Amino acid sequence: MALEKITQVGGRGVYVPGDDLDTDRVIPARFMKCITFDGLGEFAFYDARAFAKAEGQTHPLDDSRFTGASILFSGSNFGCGSSREHAPQALYRFGIRAIIAESFAEIFFGNSITLGMPCVVMTGEDIRSVTKLIESDPAALLTLDLTEKKLSIADMDFPITIAPHAHEALVSGKWDAIADLLEGIDAVRTRVATLPYMAA
Amino acid sequence: MSQTLLDKVWAAHAVRTLPNGATQLLIGTHLIHEVTSPQAFGMLRDLNLSVLYPSRTFATVDHIVPTDERAEPFSDELADAMIKALRSNCAENGITFFDLPTGKQGIVHIVGPEQGITQPGTTIACGDSHTSTHGAFGAIAFGIGTSQVRDVLATQTMALHKPKVRRINVNGKLSPGVYAKDVILHIIRKLGVNGGLGYAYEYGGSTFDAFTQEERMTVCNMSIEGGARVGYVNPDETTFEYLKGRPYSPKGADWDTAVARWKATASDPDAKYDDIVTFDAAEIAPTVTWGINPGQAIFIHEKVPFPNEVPEKDRATAEEALAHMLLKSGNPIKGTKVDVAFLGSCTNGRLSDLQEVARYLRGRKVNKGVKAIVVPGSQGVASVAESMGLAAIFREAGFEWRGAGCSMCLGMNPDKLVGEQLCASSSNRNFKGRQGSPTGRTVLMSPLMVAAAAISGEISDAREVFDIK
């Protein structure tokens with residue numbers, strides 16, 4: 001199972017502001033009544049988008065200026081709460097290919113990396129600078145360079161950080177662990193044999 | 001030695017180091033349910049893989065089951081498709097399924113311990129973030145996504161990085177009317193909803209030593225709400241006493257061997273921690289949330305905060321919370337009108353939760369303006385509660401007595417808030433829209449505080465309502 005080496009993500013940006021945006025917010029539970037992940041894209045941030053509409057406002061994900069954006073910006077502790085992989089699946093199927101935030105909740109982070117969707121950290125200050133640039137020029141192309149660990153927009157570069165193991169997994173095309181795990185099956189059996197509770 | 005329980009369990013379950021530096025960690029016990037497993041079985045089929053150790057995966061159905069009309073087919077076709085998919089996936093792969101007709105169905109985090117499947121010194125994974133609950137037994141238990149459910153089914157392992165360990169001591173005696181739920185809400189309030197990122201929380205101290213096994217589960221359950229994927233308590237006599245005689249607990253001579261092994265997994269007295277935080281139990285009062293995450297919590301006698309009273313970085317969220325909750329800064333939280341009272345969930349849907357409330361409920365009536373429901377966490381809890389007469393006490397007081405499931409903790413079954421209803425809830429999340437209505441409002445609290453709110457029709461101090469001194 002050769003996977004794509006993810007070293008760069010290019011595209012336009014969209015900013016969904018807020019800290020602690022939980023996975024219930026990313027995809028409300030009622031849309032998880034499904035047995036496949038197909039079609040989840042339209043439910044990304046469903047309630048927040050509907051609420052904005054009802055208030056006569058436009059949620060960034062519905063703002064035509066940002067249609068087709070593939071790099072999502074947000075605040076700290078993004079993806080907290082429920083472990084539902086439906087959340088990154090919905091974002092991915094919406095068209096998001098990378099998320100940039102001040103910090104990420106752990107389960108969401110792992111789920112996203114497994115889909116080959118980088119989650120990288122920038123300082124709040126840099127996120128504000130970049131999102132201001134996006135606001136003034138929504139067509140601006142961004143390049144998230146994982147090799148150089150930077151985000152480029154116009155002629156400016158901003159440093160990014162990403163957990164070393166996730167970085168390695170993405171750039172080496174090993175972001176889905178299943179192939180590596182399967183290679184260790186013999187070692188798994190050996191380990192199982194040492195654990196009395198697994199003997200039954 | 002100087003090792004924590006986490007160090008020991010990790011070492012005992014590490015299979016090998018993967019090329020990217022992650023550990024391939026053996027997951028001894030895998031729990032699955034209908035929401036996060038069907039896609040994983042689909043992935044196995046796509047990859048032509050089979051379940052490696054079917055006897056180490058256990059299934060139940062909880063999120064989507066109706067709690068009133070449970071006859072199949074369910075009126076919700078999507079829910080019906082989900083239970084059928086789980087049933088056929090389990091049958092096809094030889095996985096034990098605590099299905100509705102077995103009398104053993106319930107919320108996955110209540111069923112595991114109840115059956116004795118959850119044991120000290122083990123690793124557990126489940127596609128549900130409240131898997132941290134099982135840490136109450138001294139297990140290392142991870143909430144995982146669906147791709148990892150696939151990984152565990154196919155390889156009984158997953159790729160993980162060892163977390164740091166923060167020891168959280170709570171010492172002293174809780175005041176009457178203050179519960180384990182208040183302890184964890186207080187901890188999250190103080191350490192923040194992201195304070196636990198990268199950490200496992202090891203809970204200890206004299207308060208935890210005195211806690212029952214079920215109280216420990218309530219605390220460990222909400223570790224994830226503090227950002228810690230894993231939370232645990234070192235196993236002790238309380239743990240062993242709870243496990244003795246349960247269906248999957250070791251029997252006969254195996255029991256003594258197991259207890260000796262379990263004792264040895266506890267953290268060493270000189271274990272080294274990455275961080276230590278200590279709380280005084282006497283300072284904790286009944287706690288309720290006022291906002292849209294579990295860290296936005298105050299004592300019942302406190303006032304709804306002004307945004308400028310919270311740290312600057314939390315202000316925007318505080319403003320958003322006040323707008324959503326329709327609460328006014330400076331007003332007491334006490335006295336806020338309640339529409340729905342929900343007693344249940346993997347946090348507080350166990351027998352002891354129901355017993356504690358029932359103690360105070362005789363002769364009381366649910367306020368006319370409140371819809372109050374009790375949802376036992378499992379069919380096992382329900383049947384014992386019924387035989388003890390607890391169900392009758394709840395019904396007599398005006399609560400609806402329901403069948404086991406996740407119910408109103410999340411909007412995946414018919415139990416949902418409507419419009420802007422405010423729910424006094426013993427569950428674990430007050431996120432926007434969590435209880436099924438995008439504009440619904442959730443106030444988290446202990447089970448007895450839920451009962452107090454149900455009776456008075458407003459958020460109340462249970463100590464006053466029930467004259468607890």
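1. Start with the nonpolar core. The largest one has 212 residues, and B:A341, B:A424 and B:A451 touch the most other members. A nonpolar core here is a set of buried Ala, Val, Leu, Ile, Met, Phe, Trp, Tyr and Cys residues joined through C-beta atoms within 7 Å. Helix α16 of chain B (residues 447-456) gives this core its largest share, 8 residues. "Buried" stands for 20 or more other C-beta atoms within 10 Å of a residue's own, "exposed" for 12 or fewer, and "partly exposed" for anything in between, with C-beta atoms placed from the backbone.

2. Before going on, a word on what you're looking at. It's a predicted model, in which local features need pLDDT of at least 70, side-chain atom pairs count only at pLDDT 80 or more, and totals for chains, interfaces and linings use all residues. Residues are numbered from 1 along each chain as its sequence is written, while chains are lettered from A and ligands numbered from 1 in the order in which they are written.

3. Back to B:A451. Leaving out residues up to four places away in sequence, B:A451 touches B:L343, B:V357, B:Y360, B:L361 and B:A462. Contact means that two C-beta atoms, placed from the backbone, lie within 7 Å.

4. Now chain B as a whole. Chain B holds 17 helices and 19 strands; these are DSSP runs numbered from the N terminus, helices being H or I of at least four residues and strands E of at least two. The C-alpha trace spans about 55 × 55 × 45 Å along its principal axes. A compact globule of 469 residues would have a radius of gyration near 23 Å, and the 21 Å of chain B agrees with that (taken over C-alpha atoms; the rule is 2.2 Å times the number of residues to the power 0.38). Buried residues make up 61% of the 469. Of the contacts between residues at least 6 apart in sequence, 76% join residues at least 24 apart.

5. Chain B splits into domain 1 (7-160), domain 2 (164-239 + 261-283) and domain 3 (287-465), with bounds from an automatic or database domain assignment. The centres of domains 1 and 2 of chain B, over C-alpha atoms, are 25 Å apart. Each of these two domains puts 19 residues into their contact. On the domain 1 side, α1 (5-13), α4 (108-115) and β7 (140-143) of chain B each supply at least two residues, and β7(B) has the largest share with 4.

6. Have a look at strand β3 of chain B (residues 29-32) too. Which residues sit on each of its faces? B:T29 and B:L31 are on one side, B:H30 and B:I32 on the other, and all are buried. β3(B) runs parallel to β6 (residues 123-126) of chain B, joined by 3 bridges, and B:L31 has B:C126 as its bridge partner there. 3 bridges also join β3(B) to β4 (residues 57-60) of chain B, again parallel, with B:I32 partnered by B:A59. Strands pair if DSSP finds at least two bridges between them.

7. What about the two chains together? 54 residues of chain A are in contact with 60 residues of chain B.

8. Last, a spot in chain A. A:G75 lies in the loop between β3 (71-73) and α3 (86-94) of chain A. A:G75 is buried because 20 other C-beta atoms lie within 10 Å. Beyond neighbours within four places in sequence, A:G75 is in contact with A:P17, A:G18, A:D19, A:A101 and A:E102. A:F104 is 29 residues from A:G75 in sequence and 8.8 Å away in space, C-alpha to C-alpha.
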